[in-house]
Amino acid sequence: LLDPSRFVVFITGATSGFGAAAARRYVAAGAKVIATGRREDRLLALRDELGHDKCHIIPLDVRDRAAVEAAIAAIPAPFDAINIVLANAGLALGLQPAAETDLDDWETMIDTNIKGLVYTVRLLLPGLIARGGGHVVTLGSVAGEFAYPGGSVYAASKAFVKHFALNLRSDLQGKNVRVTDIEPGLTETEFSVVRFKGDEDKAGNVYAGTKAMTAEDIAESIFWATSLPSHVNVNKIQLMATTQAIGPFAIHRE
Ligand code: NDP
Ligand code: 8X3
């Protein structure tokens with residue numbers, strides 16, 4: 001296994017859920033993290049918890065390409081020696097049928113899950129290659145593989161992530177940069193509160209009466225994939241809660 005004390009991990013969306021859990025998991029193993037996200041109060045609390053020597057924070061909206069460029073260019077040593085990119089920031093908004101959905105919500109998901117993710121990866125890749133290698137971890141979803149009612153642009157954005165990650169592998173042959181797409185199913189984080197725009201009851205119902213995965217479960221799978229010996233590339237990890245399964249095709253009948 002690789003020595004995690006040599007990991008310097010750039011994380012988008014470290015203010016909550018998988019990103020925050022991954023920051024804690026990596027620092028617990030001796031790594032350094034660059035924690036980013038829009039909510040600065042959360043970043044400050046995370047840095048207090050993890051320590052200034054282990055956690056560098058950058059308030060950042062991944063949709064803002066110029067801000068992503070400026071933030072990466074300004075990372076101080078020793079945090080600039082990034083060798084793992086965790087492109088995790090993302091969101092679902094709404095669960096309405098396509099014809100009733102809010103077009104602004106679609107645009108926000110495309111701007112965040114697709115455009116923000118490709119800005120992050122594209123801007124960090126040359127450094128990874130120049131420093132001799134590293135690992136890009138993207139956050140896809142089971143939604144990128146299976147269709148469900150109301151999934152529409154969210155699910156399609158995750159299909160984009162999945163295929164972007166696979167194609168990155170083709171371009172990175174010989175560069176010693178690994179790529180893994182993590183594709184979780186039902187996991188209780190702030191994901192559903194965001195999807196239902198702050199409606200805690202609706203969000204709670206998603207996980208009520210069942211046992212969902214936790215952010216720590218996903219962080220562990222991310223940590224595992226990046227800790228394997230450098231000659232091993234895990235292309236993807238698809239995880240579901242044991243309580244979750246794939247439904248049948250829906251057939252409309254008169
Ligand atoms: P959370 O809502 O708990 O966390 C999402 C994170 O993304 C937050 O830190 C948030 O930070 C950040 N984020 C959102 N928009 C932006 C933005 N414009 N700029 C920067 N950061 C942003 O959800 P999860 O941890 O569950 O989700 C993480 C990823 O995993 C997402 O890509 C999601 O689609 C994916 N996923 C989630 C699953 C689940 O069931 N929970 C299953 C499969 C995939 P802030 O608001 O502070 O900017
Ligand atoms: C998050 C899981 O099933 O809500 O990507 O799309 S799901």
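1. Helices α1, α4 and α6 (191-195) each supply at least two residues of the shell around ligand 1. Helices (H or I, at least four residues) and strands (E, at least two) are DSSP runs, numbered from the N terminus. The largest share of this shell, three residues, comes from α1.

2. This is a predicted model, in which local features need pLDDT of at least 70, side-chain atom pairs count only at pLDDT 80 or more, and totals for chains, interfaces and linings use all residues. Residues are numbered from 1 along each chain as its sequence is written, while chains are lettered from A and ligands numbered from 1 in the order in which they are written. The chain averages a pLDDT of 98; pLDDT is the predictor's confidence in each residue, from 0 to 100. The complex gets an ipTM of 0.99 and a pTM of 0.98 from the predictor.

3. Which residues come nearest to ligand 1? Of the 32 around it, they are G13, G17, R38, G90 and T189. A residue counts as near if its C-beta atom, placed from the backbone, lies within 6 Å of the molecule. By class, this shell has twelve nonpolar, 14 polar and six charged residues. Ala, Val, Leu, Ile, Met, Phe, Trp, Tyr, Cys and Pro count as nonpolar, Asp, Glu, Lys and Arg as charged, and the others, Gly among them, as polar.

4. Ligand 2 is surrounded by S141, V142, A143 and G185. Its shell has two nonpolar, two polar and no charged residues.

5. G17, F18 and R25 are among the buried residues of α1. After α1 comes G30, with a positive phi near 100 degrees.

6. The buried residues of α5 (residues 152-171) include Y154 and K158. Their cover includes α4 (103-130), β5 (134-139) and β6 (177-184).

7. The largest nonpolar core has 55 residues; V9, I11, A23, V33, A35, V85 and L86 touch the most other members. Such a core is a set of buried Ala, Val, Leu, Ile, Met, Phe, Trp, Tyr and Cys residues joined through C-beta atoms within 7 Å. Its largest share, seven residues, comes from α1. Another core, of eight residues, lies apart from it, with V153 and F191 among its members.

Key:
A residue is buried if 20 or more other C-beta atoms lie within 10 Å of its own, exposed if 12 or fewer, and partly exposed in between; C-beta atoms are placed from the backbone. Two residues are in contact if their C-beta atoms, placed from the backbone, lie within 7 Å.
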